[in-house]
Every structure is written in C-alpha cells, then in structure tokens.
Amino acid sequence: MTPARFEGVVFEGCFGWLHPAGGRRGVVLCSPHGHEELCVHRSWAALADRLAAAGMPTLRFDYPGTGDSAGSDEEPERARAWLDGIHAAIRFLRAATGVEEVALVGLRLGGTLAAMAAAERGGVERLVLMAPCASGKAYAHEMKAMGRLAGAPQPPEGVEFAGFRLTAGTLAGMRALDLAALPARPAPKILLLARTDVRDGATLAARLRALGAEVEEEPFADLAALMNSVSRALLPAAPLDRVAAWLGADAPEGAAAWTPPDALAPPARLELPGAVETPVRFGSGLFGILCEPVLCGGPGRPAVLLLNSGATHHVGSGRMSVTLARRLAARGYASLRMDAAGLGDSAPCPGRGDNLIYCCDGPDDTRAALDWLEGRGYPRVVAVGLCAGATLALHTALADPRVAAQALVNPGRFLLSAEGFTSEAVIQEAAKRPRDYLPKVADPRAWRAVLRSDPKALRVVRTLAARAVDVLRDRFGSGAASGDAAQWFRRLGERGVSTLLLYSAGDVTLGELESRLGRGGRRLRGVAGVRLETLEDADHSLMLRAAQERFAARLEEHLATLSAANQTEEPAGRPARMGAPGA
C-alpha cells in the first residue's frame, strides 16, 4: 500500500477521510459495521487511494455513533442515523470538491445502507455493492449467531458481538433495511460483487434489473479472507482495481470546480459534549486523533497516549479507545489515540508489509507522538496499551523519560522484533508455558519424532531451546540488551514510573508472563511502582462491555494515584536517544 494521501474532515457530527482529486465524479465509501469495519479499515483506505489516483475524489467516513464520529451505538434511531450519515457524506463531498456526479460503494451492511440511501435520494450515478446483506434483519441474525459462537453474553434485549451492540431499538429500525423491498432504482448502473457462499446474489440482481438498473454481476471470492481477522484482512489488488476501473468508466472529462484546501486553514474539529477532537498528522506519515477536554483538568496533568491493540486501528477493540478517550476528557485528561506505522491510517514503514506488530522501530513512532504532544503543551504522558500496544507502551517508557506512568493490558510478548509479527503468531507463541513442554522432554516418542524430522516435534524443540536461551539471558544478561523484563520494571520504578499491569483471568498471554517473569509474575514482587492485577470475566481484547468498564475504572484509579510531583514536575531536558530493548 502506498502512503495514504487524505485529509481528516468533519461534517454533521461525522468524522471522515477525504482523498482529494480533481475529477468531476466523486465516490463515497459506505463501510461495513462493527468488527467487519475494523477488518476492512486499511483495505478501505487503499481503495480510496486507488480511486483518487484515478481522478475521483473519494470520501470514506464513520457512521454516526461509530468509529471516530460523535455518538454511541446505544442512542436511538441508529439505522435512520446511518442512512442520514450517507446523505450528509454526499452533501459534503459535493460541497468540498465540486463534483458533478456521485457514486457509492458499499460493503456488507454498508452495501445495504448505500442502496437504501441511493433509492431514497436519487441522483447517484453508479453503485457498487460488495457482498451486500440482503436485509438488516439478516445481518442482525448473523451477528447474533457470531456472538453465541464466540460465547459472548448477550444483553437482555438486542445483540452484541466483538464489543459492538445493536439495541432493541436499532434492531427494530433495521427491519426497514430490505433490498427486496427497494422503493426505486438506486442507480442506473450497478456493479454487484456477490458472495459465493450464498445464493441471494441472483435474486438481488433480478430485483435491481426489474427496477430498471443495468447490473453487472461478478463473484466476490475474496470476502472470506477480507473478513477473517484484522491482522490478515488485506484485500488483494485485483478487486480494488476492478472497482476503480468500473467506477472510472465513462466519467465526465475535465476538472471539477475545486479549490485545494488552504494549508493555513484551521484543522477539522469535532465538537463533543465535554471534549473537542482533532485529526493530527505527525512524524513520517503517522495519524492520530487528539481528544481534549473542554474544561482543563488542572496544570501539569499528563496526557494519555492510547496505542493500537494488535493491528486494530486507533478506535480500538470494540471502539474502546474512542469511548475511553471521551470518558477521560470528561475527567479533565487529554489523550491522543494513534496508529503506529503500517497500521490503521498511518503510512507503512519502507520495506515492510502492513498490519505487522511488535516491531523494533515502533518506539520511533511513539517518540514522534511524544514530540508532538510536548509541542502541544503536554510534556508528560501516560502510555496505555492492550496486547501489542502494551509492549509498545513499555518500550516507549524505557526509552523516553517523558512517560510518567503506563497501563499495560495482556501483552502478548515482552520483546520487540526486527521483522514484526501478525496477531495470530503472537498469540500462539504467548500460550506456550515452559512447564507445558517439560513432560515431553522425557517421552521417548517425542525424540523419535524429532529424529524423523516431524514438523510438530521440531517446533516443540525450537520452543524449548528459545525458552532456555531466554532464561539464560534473564539470569546472566545485562538489562535491556538481554531482554530481562524484570530488570526493565525495576529501572522504571527507580525512575518513578508507575505501572499498572493487568491480565484477563486465564488469558492466553499468561504463558509469556510466566516465561519472562516467573509463574504468577513472582519476579515482580517487591519491584517499586508495579501493580500486577487480574481482570475477572474479561476476554483478551476486552471486547465485552463489562470488561471495558472495569478496565476504565482501574485506569482512572491509576491516574488518580499519580503523585503531585509526577503531575507537576517538568521532564529533565530532552530525552537521550536510547536503543529500545528487543530480540
């Protein structure tokens, strides 16, 4: 993926990304909902880049109550608000770029919404439906089934999956979203990329043709890979190129009456109850959202740096980073939720693929964020991270004295890597506890398997060897270079950095904790400034609403316990350049 070229924009309570171009046909991207939007987010940006490169200004945006937009999913009339959000996006794109024609692209529930909105308003020239849901009711049934399969407790009324909720009122409104009952032709020309695992594509195509649309129907074979997981959900180039070519066909020639934005104009601002949010760019193509309280929380109060949880973009698992930032703003804390390089809306590192985590140069990204925050008037920061974000927060604190405190949740590993990892690889590694393999060492069958070069047995041997090396490094190494996690926490405690280290009860990452810090984290006993605690009834990514609430309460307690000296003391000069500990 090439670095995204976009501007953060705000319109009618919605946040969006405008990818500018000079053509006379513009495109609005209507994203999926919930966890599916997290999966598609980076591919969606890649599609917007392709469309803009083809001369079509493109707007992608978050529906009201989702992503970075205002509101929440528990407010009333969500289905109506999502449709109105598409109408607002079309109005904004026309006003901001001067385009004469507008096309819509919708994926999954976004396809359903795009078709319904286009049929309501008319005037949409082209429509791309990528695996659209037949109806809002069908989508709700899918989410309910997924929630049950995941073992997520369901609310008394409504549906919850992966931290996203459809209330009873939202479900009622979604019953009106039905492509079989479209009141009018949504667009004269439609490209339908249909799912290959269901048979409703032909039925929908026939319905659209009956309404007078010219429909091109093709299979969307890449859907399953796209929705598989956030870390692996990168859409191949072929579908992106196909959509861009189809949307660009017969586009009106010439340039739109568009004036590039004034570089000196104030940045977009989203006004919220008790807070103001601003999109920011810093470092080498890094992106974030600054959330500042309307009422100052007091002099010297640190800002909170919210880091990516795994490969999820800056809104966080189940939108947790957004709700947490706004909750903290209500208590007087500013925060910056950012995307590290190659994640979310930030440009990738040269020579590295997208969606890789636990990268050795990650602290360079966070240091750029600290520089930006310091220039904004926040010289001290509390680093907060979940999973890979926890590890990045730790290494940022080790490398930069501007970090006054940290909150680390379920770190999948304590070491960074030159190559980086996918989320799945880290979870598999973190689950391996040394004691789980000891019985295998004495089993003759295991050694016979090794001699046969059995792949599974060889993986066990490599794991045991790696763990043995880790133990030797921890005992005889020298601090950061050795990967001695206990020594890192001691150094931070001596520096006055307070640490809240939280693990979900029974979490898979407890294997990494045991490997680095002993069973139950015993090597942290007596280390100054460290609180090692358990979050009961919490999943790894804190997707459950109750788990998010418990974490937010613990974080607020942690912030409240920071000493007055830590809150008011200025950092001692500029931080020296330090080599971040790594593998």
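This is a predicted model: local features need pLDDT of at least 70, side-chain atom pairs count only at pLDDT 80 or more; totals for chains, interfaces and linings use all residues.

Colleague: Is α9 itself largely enclosed or open?

Modeller: Nine of the 11 residues of α9 are buried, so the helix is largely enclosed by the rest of the structure.

Colleague: Which are the buried residues of α9?

Modeller: They are Met320, Ser321, Val322, Leu324, Ala325, Arg326, Arg327, Leu328 and Ala329.

Colleague: What lies in the loop between β14 and α9?

Modeller: Threonine 312 is located in that loop, with β14 spanning 303-306.

Colleague: Why does threonine 312 count as buried?

Modeller: Its relative accessibility is 7%, and buried means under 20%, so threonine 312 falls in the buried class.

Colleague: And what does threonine 312 touch?

Modeller: Leaving aside residues up to four places away in sequence, threonine 312 touches Leu38, Val230 and Ser317.

Colleague: Let us turn to pockets. Which element gives the most to the lining of the second largest pocket?

Modeller: That is α9, with eight residues. Helix α9 (320-330), β8 (164-166) and α18 (545-560) each supply at least two residues of this lining.

Colleague: How much space lies in the second largest pocket?

Modeller: The second largest pocket holds about 590 Å³. It is lined by 31 residues, and those closest to its centre are Ser72, Arg319, Thr323, Leu324 and Arg545. Leu324 is also among the buried residues of α9.

Colleague: How does the lining of the second largest pocket divide by class?

Modeller: There are 11 nonpolar, 11 polar and nine charged residues in the lining of the second largest pocket.

Colleague: What is the volume of the largest pocket?

Modeller: The largest pocket has a volume of about 1,000 Å³. Its lining comprises 43 residues, with His35, Phe161, Met227, Asn228 and Ser229 nearest the centre. The elements that give two or more residues to this lining are α1 (35-53), α4 (136-149), β7 (159-161), α7 (223-226) and α12 (423-430).

Colleague: And what classes of residue make up the lining of the largest pocket?

Modeller: In the largest pocket the lining has 21 nonpolar, 14 polar and eight charged residues.

Colleague: How many cavities of 30 Å³ or more does the structure hold?

Modeller: It holds seven cavities of that kind. The largest cavity has about 170 Å³ of space, and of its 18 lining residues, Ala340, Ile357, Tyr358, Cys359 and Leu392 are the closest to the centre.

Colleague: Which helix gives the most to the lining of the largest cavity?

Modeller: Helix α11 does, with three residues. Both α10 (362-375) and α11 (388-399) supply at least two residues of the cavity lining. By class, the lining of the largest cavity has 11 nonpolar, four polar and three charged residues.

Colleague: Now the strands, please. Is β2 mostly covered or uncovered?

Modeller: Strand β2, residues 14-19, is mostly covered, with six of its six residues buried. Cys14, Gly16 and Leu18 are buried on one side of β2, and Phe15, Trp17 and His19 are buried on the other.

Colleague: In what sense do β1 and β2 pair?

Modeller: Strand β1 (residues 7-11) pairs with β2 in the antiparallel sense over five bridges. Within this pairing, valine 10 stands opposite phenylalanine 15 in β2. The two strands form a hairpin with two residues between them, and glutamate 12 in the turn has a positive phi of about 45°.

Colleague: What about β2 and β4, and how many bridges join them?

Modeller: They pair over four bridges, in the antiparallel sense, with β4 covering residues 58-61. The bridge partner of glycine 16 in β4 is phenylalanine 61.

Colleague: Finally, the chain as a whole: how many helices and strands does it have?

Modeller: The protein chain has 19 helices and 19 strands. Buried residues account for 57% of its 583 residues. Of the contacts between residues at least 6 apart in sequence, 74% join residues at least 24 apart.

Terms used. Residues are numbered from 1 along each chain as its sequence is written. Side-chain values use heavy atoms; hydrogens and water are left out. Buried means under 20% relative accessible area, exposed over 50%, partly exposed in between (1.4 Å probe, protein chains only). Contact means heavy atoms within 4.5 Å. On a 1 Å grid over the protein atoms alone, a cavity is a set of points where a 1.4 Å probe fits but cannot get out, and a pocket is an open set with protein on both sides within 12 Å along at least five of seven lines; lining residues have an atom within 4 Å of a point. Grid points are joined across faces, edges and corners, and a volume is the space filled by probe spheres set on the points. Ala, Val, Leu, Ile, Met, Phe, Trp, Tyr, Cys and Pro count as nonpolar, Asp, Glu, Lys and Arg as charged, and the others, Gly among them, as polar. Two strands pair if DSSP finds at least two bridges between them.
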